[in-house]
Amino acid sequence: MTTFEHCSLRDIAQSVVGQVVFNRTLPGEHGLLRLRVGKVARRVMPGHFVQVICDPGLTLPRPFSLMDADAEKGTVDLFYRVVGVGTGIMASWKGGEEIRLLMPLGRPFMWPKAKVNVLLIAGGAGLAPVHFLARRLVERKFAPVMAWGIETESPMMTIEARMDGFPLDVAFVDSPEALAALDAVGVSSRLASMVATPGRFHGYVTDLAEQYLIHSPEEVRRRTVVYACGPTPMLQAVHRLVERFGLEGQVSLEERMACGFGVCAACVAPVRTETGWTYRKICTDGPVFPIADIAWEKY
Ligand SMILES: Cc1cc2nc3c(=O)[nH]c(=O)nc-3n(C[C@H](O)[C@H](O)[C@H](O)COP(=O)(O)OP(=O)(O)OC[C@H]3O[C@@H](n4cnc5c(N)ncnc54)[C@H](O)[C@@H]3O)c2cc1C
Ligand code: FES
C-alpha cells in the first residue's frame, strides 16, 4: 500500500537573518518565538527544521523544527523548551533583535493521499512539527486528530475539547482538555500526562492513541495513517502501535545534531536496508522517515 505522496526533495538551505517579532515565555520552561525571515517563509513545509545560532560564542548552532509559518507576513514560529545553554539564551531574546539561522533544512513530511484518516501523536516539544503539519493538513481538507503528551502545565492555551473527531467514548469523558489553537482550525485534540492531571488522559500519549484506535470504527481505523514526533522511547511505542494495527506512518527524529547539513555524521539513525540496516544522517536523509524504515531495535 502506498499511502503517501512521493517524498519531497530537500530544499536548498540559506543563511537568514531573522528579526524577533515576539518571544513569549510559556509555562513549563517553554517559549514561542516568532521571527520575521522574509521570502524564505514561503518555502518552508511541516517537518523542515532550522539551525539557530544562539550565540556566536557557542561552537554549534541548535536545531528546531518549525511550528508554523506565514508566507504573507514572512514569519516563522519556533516552539522551544529551555533545557540548556542555547535555549537559555533564546529565552532572553527581545522583540527587534536580529538572529542568524540556516533554513530550511531536512526533508519535510510527505503528504497523505486523499481519503485517509490522520492521527497525529506528539510528545513534549515534539509538538512543533506536528502542530505545523496539522494546520497545513486542514488547508488540504483533511481532518486530523491529535494526541499530545505533556508532563508540565500546558504551555499552549487549552480549552474544553470539541467532541467530534475523537470517538464519543467513556475513555474520553474525563479528558476534555484540548489545544485551543488547533481546535480553532477544526483539529480535534486531547492531552495525556503520566502525572494524574484533571482534564488529561492519565497515561502515556501512546496509550491515548491506542484508546483512540480501539474505539474508532473499523472503517476509520483501517484507513488511519500516523505522524509522530517526540522522544525516542515514545516513537518506539508509536512504532509498536502502528505495527499492531497494521498502519503506516512517518516520524520526525529529533536527535542531537552538529552541522545540520550532512558533513559531520553526528546525527545518524539506524535505518533498514534490503540486507539488514545501516546508519543514515537525520539532518539530510530526515528528520522525517517512514516509521517502518527505522531499525528501532538498534537504538
Ligand atoms: C531536527 C530537530 C528538531 C528539533 N526541534 C525542537 C523543537 O521544535 N523544540 C525544542 O524545544 N527542541 C527541539 N529540538 C531539540 C533542541 O535542538 C535541543 O533541545 C537544543 O539543541 C538544546 O540546546 P541547549 O544548548 O539548550 O542544550 P544543551 O546545553 O546543548 O544540552 C542540555 C540538555 O539537553 C539535552 N539535549 C540537547 N539536544 C537534545 C536533543 N536533540 N534531544 C534531546 N535532548 C537534547 C542534552 O543532552 C542535555 O541534557 C530539536 C532537535 C532536532 C535535531
Ligand atoms: S548534523 Fe552533521 S551530518 Fe547531520
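What follows is a set of questions and answers about a predicted model.

Visitor: Why is T206 called buried?
Guide: The relative accessibility of T206 is 11%. Buried means under 20%, so T206 counts as buried. T206 sits in helix α5, residues 205–215.

Visitor: What is T206 in contact with, leaving aside its neighbours within four places in sequence?
Guide: T206 is in contact with M234, A237, V238 and L241. The cut-off for a contact is heavy atoms within 4.5 Å. M234, A237, V238 and L241 are among the buried residues of α7.

Visitor: What covers the buried residues of α7?
Guide: The cover includes β8 (117–123), α5, β14 (224–229) and β15 (248–252). After α7 comes G246, with a positive phi near 65°.

Visitor: What makes α2 largely enclosed?
Guide: Ten of its 13 residues are buried, so the rest of the structure largely encloses α2. Among the buried ones are L127, F132, R136 and L137.

Visitor: How do you know that the length of α2 agrees with its residue count?
Guide: The 13 residues of α2 (127–139) should span 18 Å at 1.5 Å a residue. The end C-alpha atoms are 19 Å apart, which agrees. Just after α2, K141 takes a positive phi of about 70°.

Visitor: What makes β3 largely enclosed?
Guide: Strand β3 is residues 49–53. Four of its five residues are buried, so the rest of the structure largely encloses β3.

Visitor: How do you know that β3 pairs with β4 and with β7?
Guide: A pair of strands needs at least two bridges. β3 and β4 (62–65) have four, in the antiparallel sense. V50 stands opposite F64 there. β3 and β7 (98–105) also pair antiparallel over four bridges. F49 stands opposite L105 in β7.

Visitor: What makes β13 and β18 edge strands?
Guide: The open sheet has seven strands, ordered β13-β12-β9-β8-β14-β15-β18, with mixed pairing. β13 (201–202) and β18 each pair on one side only, and they are the edge strands.

Visitor: How do you know that β9 and β12 pair?
Guide: Five bridges join β9 (145–149) to β12 (188–193); the cut-off is at least two. The two strands run parallel. The bridge partner of A147 is R190 in β12.

Visitor: What do β16 and β17 form?
Guide: They form a hairpin with four residues between them. β16 (268–272) and β17 (277–281) pair antiparallel over five bridges. A269 stands opposite R280.

Visitor: Why is E29 called exposed?
Guide: E29 has 52% relative accessibility. Exposed means over 50%, so E29 counts as exposed. E29 lies in the loop between β1 (14–26) and β2 (30–36). Its phi is positive, about 60°, although E29 is not a glycine. Most residues other than glycine have a negative phi.

Visitor: Why is K115 called exposed?
Guide: K115 has 73% relative accessibility. With the cut-off at over 50%, K115 counts as exposed. K115 sits in the loop between β7 and β8. Its phi is positive too, near 75°.

Visitor: Which peptide bond has omega near -10°?
Guide: The bond from M103 to P104 does, and it is cis. P104 is found in β7. Another cis bond joins G286 and P287, with omega about 10°. P287 is in the loop between α8 (282–285) and β18.

Visitor: What makes the link between E297 and R272 a polar contact?
Guide: Their side chains meet at 3.0 Å. The cut-off is a pair of N or O atoms within 3.5 Å. E297 lies in the segment after β18 (288–290). E297 and H239 are 58 residues apart in sequence and 11 Å apart in space, C-alpha to C-alpha.

Visitor: Which residues are closest to ligand 1?
Guide: 19 residues surround ligand 1, and the closest are R62, P63, G86, T87 and E255. A polar side-chain atom of R62 lies 2.6 Å from a ligand oxygen. A polar backbone atom of G84 is 3.1 Å from an oxygen of the ligand. For the side chain of R256, the distance from an N or O atom to a ligand oxygen is 2.9 Å. Taken alone, ligand 1 exposes 880 Å², and the protein buries 75% of that.

Terms used. Residues numbered from 1 in each chain as written. Chains lettered and ligands numbered in written order. Predicted model: local features only at pLDDT ≥ 70, side-chain atom pairs only at ≥ 80, totals over all residues. Heavy atoms only, no water. Buried < 20%, exposed > 50% of the residue type's maximum accessible area, 1.4 Å probe, protein only. Near = heavy atom within 4 Å. Polar contact = N/O pair within 3.5 Å; in protein donor to acceptor, adjacent residues only side chain to side chain. Areas by Shrake-Rupley, 256 points an atom, 1.4 Å probe, with all protein chains shown as cover. Expected span 1.5 Å × (residues − 1).
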